[in-house]
Every structure is written in C-alpha cells, then in structure tokens.
Amino acid sequence: VEINLSVPGTPPRTSRIVIASGLAAELRRDLASLSQGRRLYWLWDAKVWELWKRRVTCLDWPELTPDRQILFDASEANKRLGAVEDLARRLLRAGADRLSLVVAVGGGVTGDVVGFLASIYMRGVPHVHLPTTLLAQVDSSVGGKTGVDLPEGKNLLGSFQQALAVFIDPQFLETLPVEQFSQGMAEVIKMAMLGDESLWHYLEDNRTQVWEREEQAMVHIISSSCRLKARIVEADEKESGCRRFLNLGHTVGHALERLSDYQIRHGDAVAMGMLAATRLAERLGMVSADVFQRLVGLQSRYGLPSRIDSRYSPDAMIEAFKTDKKQLAGKLHFILPTGIGSVVERHDLDMALLREVLGELQTGP
Ligand SMILES: NC(=O)c1ccc[n+]([C@@H]2O[C@H](COP(=O)([O-])OP(=O)(O)OC[C@H]3O[C@@H](n4cnc5c(N)ncnc54)[C@H](O)[C@@H]3O)[C@@H](O)[C@H]2O)c1
Ligand SMILES: [Zn+2]
C-alpha cells in the first residue's frame, strides 16, 4: 500500500508512506531511488538494532556500514536536547553534511528525536523513517511533528518536518512486547472512532487476526490509520483546525499522564480519555449508549482499560487540564464523538457534568 501526503508550501512538501510486510527486504531499491546520490546515515534505536541486527545484516541495505551507523538510547528519558546535540556531533564526526540523508529506525522516540535533528542539522537535511513500534507505524511517523521533551513537559521543543518517506514493515512488530502493542492499538481505536467506521467494524470482526498480529490484518489497520492521518494533516498541517480531532481522548489522557508522573502509559491514558469523551457525548445526547459499550468492548479486547484510574480525583484531573499546552487560551476544549467515525470539537463543556462523568467512570462502566 502506498499513500502520498502532500502539504502546501513553496515548494510543496511530499511524503511517501509505503506499507508492506517484508518491505524491509526491498529497501535497497527504494532507498537508492530516493536518495538521489545523497549519502545515507543510519540512526538506530540501540534496542531495535540489538534485536534485528542478524536479520538486517542479511538484507544488504545500502550504506549500512559501521562508519555510517549510529546507535543511541531511544528511551523517553533520553528524548532531550542533549541527545540531539550528541547525535549531531556523532553525525559530524562521521562526515555527514548538507547533502546527506538521515534514516531513523525505531519507535516514536527515535522518529521524534531524529526528525528534529534532521530539521536543524546544517539548517536541515531530509530524513526517512522506518517505524518499528505499532504506535509509530500508525501514528507518530506520519504528519511531520518532531521534537524533544523538557523537564517541564513533553514535546515542548520541536519543529515540523515531513519525512521524505516512511517505510512501514509490520514484520518489525514480531519482537514488540504485548503491552507496547496495546499502546499502539489505543491510537488505532482512536482513529477508527474519529474518522473511519469501517476500520471500527474491522477491529470488532477480526479480533483474533489483529491480536495475533497477522500480516494482512496489520497492513489493513496500519494503512487505514495512516490514510486517515495523512488526509487530516494535508488539510491542517500546523494543527489550527481539524488536526485537533486527533486529540480525541488526549485531554483527559494527558492530564492522567501528568498526574501519574508518566507512570500511566500513553495508550492507556488515551483509552481512559476516550471513555470519558464518549460518556460525555452520551450524556449530552450526541451518541447512543451502545457506542460506549462497544468502545469498552474493543478496548478490553485489545488489552486497554475500561475504567479511569481511581487514584486521581476528578478535580485533580480538571486542574491538570489547565497546564496542557494544547488547551487554547484557558478554555477546556474537548473532542467528542458524534457517532462511530465522526467527531466534533466543543469548547463549552459544563464543568459539573465533566466532574460527574469522570467520577462515575472511576467506579466502573
Ligand atoms: N510525532 C508525533 O506525531 C507523535 C505522535 C504520537 C506520539 N509521539 C511520540 O512517540 C513516543 C512514543 O513512541 P513509541 O511508543 O514508539 O515509543 P518508543 O520509541 O520509546 O518505543 C517503545 C519501546 O519499544 C522498543 N522498541 C521499538 N521497536 C521495537 C521492536 N520492533 N521490538 C521490540 N522493541 C521495540 C523501544 O526501544 C522502546 O523501549 C513519545 O515520545 C511520543 O511523544 C509522537
Ligand atoms: Zn496519542
């Protein structure tokens, strides 16, 4: 499957998103045609390299030689400006210049750090991403947001740089731990809820195939998610309008992540946020009660929560919304479903109702 993402500008920027199982084996040809003579530098999540080096070495990828390869600790704790500086210096020592092409291999942290580095290295070099986690394959590798964290909060330094290409090979998921797989599924369920009803049905009807990560099922859910995200990003790259729909579940989600000092994982937090958004929509008469039940059904099938963590009071959650960088001018803004496959943005939520719904979801559906 191939998806093209093109955002306006001078010149317009285009990103190719290619999804195929076993694709990594064909990378030689694809990269050669993309690089147009640029020298490649490979930046790897060291953990992914460790897991995949044997298989990758057999594939004869272009210019994957020790002098063109940089491994780094791609943990969230190392998603810092210091890591960017360190990688930049290692690229310099390896001889990378303005005419180089940087290839990132790893999950969302790798994509965000390497994408950011590429956007500023010698004022910008193109980059390619080979995402290796489900979250990166269905979400973070598409759309051009890059960046690093500050001690004060996540993704506070960053830039927009669309990858020249994203090559998505679901085979990488073979080594992904099941909890990580579930975290990615939260974003897939979110995509289905906000804009793809047939993906939602697919998730309900092909539970075993998806959960067992069967090749065809992976290609289907990844390409559906990427297609939807690409369409949204084309319409609103800088998130001034409909790109905010992608924040479904993230208002409450981010609050829970921060309150728990990031002990609650992102996908779990988003899943709890989707429960809240859907229940709110139900109470406002926007969706029927069965939508909430179906969401609970899907989330629990894919290893995600069906209630909100009860350690945090509704008031603490509401307080935490206020420090979210995505909250506009102090107003509580929420993305709410209007059915399976459609959402609206609301700025006028009644605080009392919100508090009530959050409290109710802590004692179970
Ligand atoms: N740019 C965006 O639009 C965007 C969107 C969503 C999330 N993000 C960012 O993405 C990050 C989360 O991404 P993530 O969940 O991929 O995290 P990650 O990159 O930290 O990967 C999760 C863990 O899985 C390991 N891993 C990666 N690939 C593997 C594989 N194939 N087999 C086994 N282990 C593997 C990693 O080493 C890591 O320990 C966050 O920093 C978040 O802010 C960015
Ligand atoms: Zn998310």
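Mentor: Gladly; we will look at the ligand first, then at one glutamate, and then at some helix pairs. Keep in mind that this is a predicted model.

Trainee: Let us start with the ligand. How many residues surround ligand 1, and which are the closest?

Mentor: To read a ligand site, begin with the residues around the ligand. Here 25 residues surround ligand 1, and Asp45, Lys47, Glu76, Thr133 and Thr175 are the closest. Sorted by class, this shell has nine charged, eight polar and eight nonpolar residues.

Trainee: Which atoms of threonine 133 and ligand 1 lie 2.6 Å apart?

Mentor: For that we look at pairs of polar atoms. In threonine 133, a polar side-chain atom lies 2.6 Å from an oxygen atom of ligand 1. Threonine 132 also takes part through its side chain, where an N or O atom is 2.7 Å from a nitrogen atom of the ligand. With phenylalanine 172 the backbone is involved: one of its polar atoms is 2.9 Å from a nitrogen atom of ligand 1.

Trainee: How much of ligand 1 does the protein bury?

Mentor: Compare the ligand alone with the ligand in place. Ligand 1 exposes 860 Å² when taken alone, and the protein buries 86% of that.

Trainee: Now the glutamate. Where is glutamate 345, and which side chains does its own side chain contact?

Mentor: First place the residue in its element, then follow its side chain. Glutamate 345 sits in strand β11, which covers residues 342–346. Its side chain makes a polar contact of 2.9 Å with the side chain of arginine 244. Another polar contact, of 2.7 Å, joins it to the side chain of histidine 333.

Trainee: And the helix pairs? At what angle do α6 and α9 pack?

Mentor: For a helix pair, read the angle, the distance between axes and the handedness. Helix α6 (residues 178–195) packs against helix α9 (residues 215–235) at about 55 degrees, with the axes 10 Å apart. That angle makes α6 oblique to α9, and their crossing is left-handed.

Trainee: What about α7 and α9?

Mentor: Helix α7 (residues 197–205) and α9 pack at about 155 degrees, their axes 10 Å apart. Angles over 145 count as roughly antiparallel, so α7 is roughly antiparallel to α9. This crossing is left-handed.

Trainee: Is the crossing of α13 and α14 left-handed or right-handed?

Mentor: The crossing of α13 and α14 is right-handed. Helix α13 (residues 314–321) and helix α14 (residues 351–362) pack at about 125 degrees, with axes 9 Å apart, and are therefore oblique to each other.

Terms used. Residues are numbered from 1 along each chain as its sequence is written. Chains are lettered from A and ligands numbered from 1 in the order in which they are written. This is a predicted model: local features need pLDDT of at least 70, side-chain atom pairs count only at pLDDT 80 or more; totals for chains, interfaces and linings use all residues. Side-chain values use heavy atoms; hydrogens and water are left out. A residue is near a molecule or strand if one of its heavy atoms lies within 4 Å of it. A polar contact is a pair of N or O atoms within 3.5 Å; within protein, one must be able to donate a hydrogen and the other to accept it, and residues adjacent in sequence count only if both atoms are side-chain atoms. Accessible areas come from the Shrake-Rupley method with a 1.4 Å probe; for residues, only the protein chains shown count as cover. Ala, Val, Leu, Ile, Met, Phe, Trp, Tyr, Cys and Pro count as nonpolar, Asp, Glu, Lys and Arg as charged, and the others, Gly among them, as polar. Axes are lines fitted to C-alpha atoms, for helices over the stretch in contact, and angles run from 0 to 180 degrees between N-to-C directions. Helices (H or I, at least four residues) and strands (E, at least two) are DSSP runs, numbered from the N terminus. Angles under 35 degrees count as roughly parallel, over 145 as roughly antiparallel, 65 to 115 as roughly perpendicular and the rest as oblique. A crossing is left-handed if the near helix is turned anticlockwise from the far one by less than a right angle, and right-handed if clockwise.
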